[in-house]
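Me: I would like to learn how to read a few features in a model. Can you take me through them?

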Amino acid sequence: MTGSTSTDLFSNLTRTTTGAFISSSSHNNLTQESTESNVHVYMKSLKLILYAIIFLVSAIGNILVCIIIIKKRRMKTVTNYFILNLALADLTLTLICIPFDIPVQEMDYIWPYGSFMCNILYPLQTMSLFASVFTLTAVSLTRYWAILHPLRRQLSTTNAKWLIVVIWLLSIVPVSPYISVLGIGETTGSCDENWSDDRSRKIYTVSLFIAQYIVPLSMIGIAYVSIGRELGKKKSTPENKFLQNAQNVEASKVIHMLVAVTILFAVCVLPTNIMWLWLDFGNAEEQFSYFWELVAFCNILTFANSAANPVCYSITNANYRKEIKILLKACFTKQDERSLRSDDMRMLETSKHLNSRRGLTEYTSVKE
């Protein structure tokens, strides 16, 4: 009897302890799930806020840059035409890609736009980035030629326009394989790359990184280092020192702006390239459970480059600051004039109404 009672007591104690352990474990799991859910909500909110800020700054800033260069005759230089093309590439990325990309991310990458858009949207993002980096390369080589060979024939604005057309045509070439392999997965429902083998995908990823990042930025770096050395030599030359100093200062300001824009591009685009290399060569999805969330924030950084460029122009270049102020002032002045006119029209209508009432009153009193 005593042994039976002891066994029952031990059994009850074991059940109680086990039940408490299971209850505690369940509570911990629920707490962990709740914490993860809260983190997911915060990250989602942060992502949407960042997208909204980038969209507004990029759209307004790049549209202002386009208006200034198109409308102002003195702004129609070779360098400014390349900046115009850079602004157009940024607007393409902002106005077309961001509004379509956000819903896809929010739907866990389920593709809602059909097969045609699957073959257009992602390649258009890559194409815009190629157009940007090719433009930065072209403008750096143009400045290199102008500063190191000032007495030779320079690129005209007409030729610059044709070069911009060539830049966009060349940007189609590297995305052509991308277009051919994209399709909507039957099981996943997402817009995915369907390569014949892993080796082909890896070769394409490396080729994109080299063509979009390594080669053009190396060329740009060499060009600007050469320009810096040449400007340094000209400072030490005693002939026509005053005139040369004025020209060198102006050239240096433009170079500083272009170097800043290039550095922004390099910093903003690198993380996305690293993520794709990691995915293809390092089994990123298996090693890191939040891989696609990290990809989403790297994409935000890429989009942020489009918003940073017009801000960079206004900070580093006095001409753009001046023209943007004039343009904004003109817009607000027109709005004030419109509001004043509307107020005058309201006062006139009120005056007419009072006069008509007075006339009616006088007519009635005379009749009586």
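The dialogue below covers a helix pair, then a loop.

Reply: First, the ground rules. This is a predicted model, where local features need pLDDT of at least 70, side-chain atom pairs count only at pLDDT 80 or more, and totals for chains, interfaces and linings use all residues. Residues are numbered from 1 along each chain as its sequence is written, and side-chain values use heavy atoms, leaving out hydrogens and water.

Me: At what angle do H4 and H5 pack?

Reply: Helices are DSSP runs of H or I, at least four residues, numbered from the N terminus. Axes are lines fitted to C-alpha atoms over the stretch in contact, and angles run from 0 to 180 degrees between N-to-C directions. H4 (residues 121-148) and H5 (residues 157-181) pack at about 140 degrees, with axes 8 Å apart.

Me: Which residues in H4 and H5 meet?

Reply: Contact means heavy atoms within 4.5 Å. Among them are Phe130 and Phe134 in H4, and Trp168 and Tyr178 in H5.

Me: Where is Asp108 found, and is Asp108 exposed or buried?

Reply: Buried means under 20% relative accessible area, exposed over 50%, partly exposed in between (1.4 Å probe, protein chains only). Asp108 is found in the loop between H2 (78-106) and H3 (115-118). Asp108 is exposed, because its relative accessibility is 65%. Its phi is near 55 degrees, a positive value in a residue other than glycine.

Me: What is the phi of Tyr109?

Reply: About 65 degrees, positive although Tyr109 is not a glycine. Tyr109 is also in the loop between H2 and H3. At 26% relative accessible area, Tyr109 is partly exposed.

Terms used:
Helices (H or I, at least four residues) and strands (E, at least two) are DSSP runs, numbered from the N terminus.
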